[in-house]
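Me: I would like to go through the charged pairs, the surface and the pocket of this model. Could we take them one at a time?

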Amino acid sequence: MAKKALRNKELNRRELVAKGAAKRAALKAKMSRNSTPEERMEAMKKMAKLPRNANPTRLHNRCSVTGRSRGFLRLFGLCRQQVRTMASEGKLPGVRKSSW
């Protein structure tokens, strides 16, 4: 199970990304090829002053039960171990352990 601090850090990052999404999009639009080099440079400087954790590439998927970052399955929002246990317990609708 992941530490609570890691989960909280990820939640804070998600909040920062959501909060700064509009500002980041506006600056990206200013950096388009249609703008002058001066406008582009000014937008780059403003973009550099935004917090690093406001960048969506810094987000990492984590299991909603354990907080595990590896073996994450997007379809369920869980790590592979939790998918396996929940599927065998019948807690995931429509999922059944295969046998042949």
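Me: Let us start with Glu-10: is Glu-10 buried or exposed?
Reply: Glu-10 is buried because its relative accessible area is 7%; buried means under 20%, exposed over 50% and partly exposed in between, with a 1.4 Å probe and protein chains only. Please note that the model is predicted, that local features need pLDDT of at least 70 and side-chain atom pairs pLDDT 80 or more, and that totals for chains, interfaces and linings use all residues. Residues are numbered from 1 along each chain as its sequence is written, and side-chain values use heavy atoms, without hydrogens and water.

Me: Which residues are linked with Glu-10 in a network of salt bridges?
Reply: Arg-13 and Arg-14 are linked with Glu-10 in that network. A salt bridge here is a side-chain nitrogen of Lys or Arg within 4 Å of a carboxyl oxygen of Asp or Glu. The N to O distance is 3.7 Å for Arg-13 and Glu-10, and the closest N and O atoms of Glu-10 and Arg-14 are 3.9 Å apart.

Me: Where do Arg-13 and Glu-10 lie?
Reply: Both lie in helix α1 (residues 4-30), three residues apart, about one turn of the helix. Arg-14 is in helix α1 too, four residues from Glu-10. Helices are DSSP runs of H or I with at least four residues, strands are E runs of at least two, and both are numbered from the N terminus.

Me: How many salt bridges are found in the whole structure?
Reply: The search finds three. One of them pairs Lys-91 with Glu-89, with the closest N and O atoms 3.1 Å apart. Lys-91 is exposed at 55% relative accessible area, and Glu-89 is exposed at 52%.

Me: Changing topic, which residues line the largest pocket?
Reply: The lining includes Arg-7, Glu-10, Arg-14, His-60 and Cys-63. It divides into two nonpolar, four polar and four charged residues.

Me: Finally, where does Phe-76 lie?
Reply: Phe-76 lies in the loop between β1 (72-73) and β2 (78-79). Phe-76 is partly exposed, because its relative accessible area is 30%.

Key. On a 1 Å grid over the protein atoms alone, a cavity is a set of points where a 1.4 Å probe fits but cannot get out, and a pocket is an open set with protein on both sides within 12 Å along at least five of seven lines; lining residues have an atom within 4 Å of a point. Ala, Val, Leu, Ile, Met, Phe, Trp, Tyr, Cys and Pro count as nonpolar, Asp, Glu, Lys and Arg as charged, and the others, Gly among them, as polar.
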